[in-house]
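This report describes the structure shown below. It begins with one residue and ends with the protein as a whole.

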Amino acid sequence: MRTMIVLPDHHHAEAKRKAARQGVSLSEYIRRLVARDLGQGASVSDPSAIFGLFDCGGSRIADGKQAMISEAIDKQFQAKGI
């Protein structure tokens with residue numbers, strides 16, 4: 001269903017700028033505003049909506065990042081006989 005919504009020029013311009021900053025169309029920006037106002041879920045651009053979804057409780061990959069990178073590079077060189 002298509003519905004026309006009339007906005008004052010200054011609201012339309014600002015909404016269009018905000019949509020562009022978020023990388024979405026004006027229509028998508030307005031759909032998200034309406035959905036959020038009607039209580040139908042968190043904003044797609046709200047990163048807190050995904051925090052903790054995949055927390056296994058034991059990953060410490062950042063602590064050993066340099067060692068893992070060095071090991072991968074060493075294996076590449078060994079495979080090439082360098």
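Glu14 has a relative accessibility of 33%, so Glu14 counts as partly exposed. This value, like the others here, comes from a predicted model.

The side chains of Glu14 and Arg17 form a salt bridge, and the closest N and O atoms are 2.8 Å apart. How far apart do Arg17 and Glu14 lie in helix α1? They are three residues apart in this helix, which covers residues 9-22, so about one helical turn separates them. Side chains of opposite charge can pair when their charged atoms come close.

The pair belongs to a network of salt bridges that links Glu14, Arg17 and Arg21.

## Glu28 and its partners

Helix α2 covers residues 26-37 and contains both Glu28 and Arg31. Glu28 is partly exposed, because its relative accessibility is 24%. Which residues does Glu28 pair with? One of its partners is Arg31, with an N to O distance of 3.2 Å in the salt bridge. Another salt bridge joins Glu28 to Arg32, where the closest N and O atoms are 3.0 Å apart.

The spacing along the helix can be given for each pair. Arg31 and Glu28 are three residues apart, about one turn of helix α2. Glu28 and Arg32 are four residues apart in helix α2, and this too is about one turn of the helix.

## The protein as a whole

How many salt bridges does the structure hold? There are five. Among them are the bridge between Arg17 and Glu14, the bridge between Arg31 and Glu28, and the bridge between Glu28 and Arg32.

The protein has three helices and zero strands. Read from the N terminus, the order of its elements is α-α-α. The chain has 82 residues, and 6% of them count as buried. The protein exposes about 7,500 Å² of surface, and carbon and sulfur atoms supply 57% of that area.

Notes. Residues numbered from 1 in each chain as written. Predicted model: local features only at pLDDT ≥ 70, side-chain atom pairs only at ≥ 80, totals over all residues. Heavy atoms only, no water. Helix = DSSP H or I, 4+ residues; strand = E, 2+ residues; numbered from the N terminus. Buried < 20%, exposed > 50% of the residue type's maximum accessible area, 1.4 Å probe, protein only. Areas by Shrake-Rupley, 256 points an atom, 1.4 Å probe, with all protein chains shown as cover. Salt bridge = Lys/Arg side-chain N within 4 Å of Asp/Glu carboxyl O.
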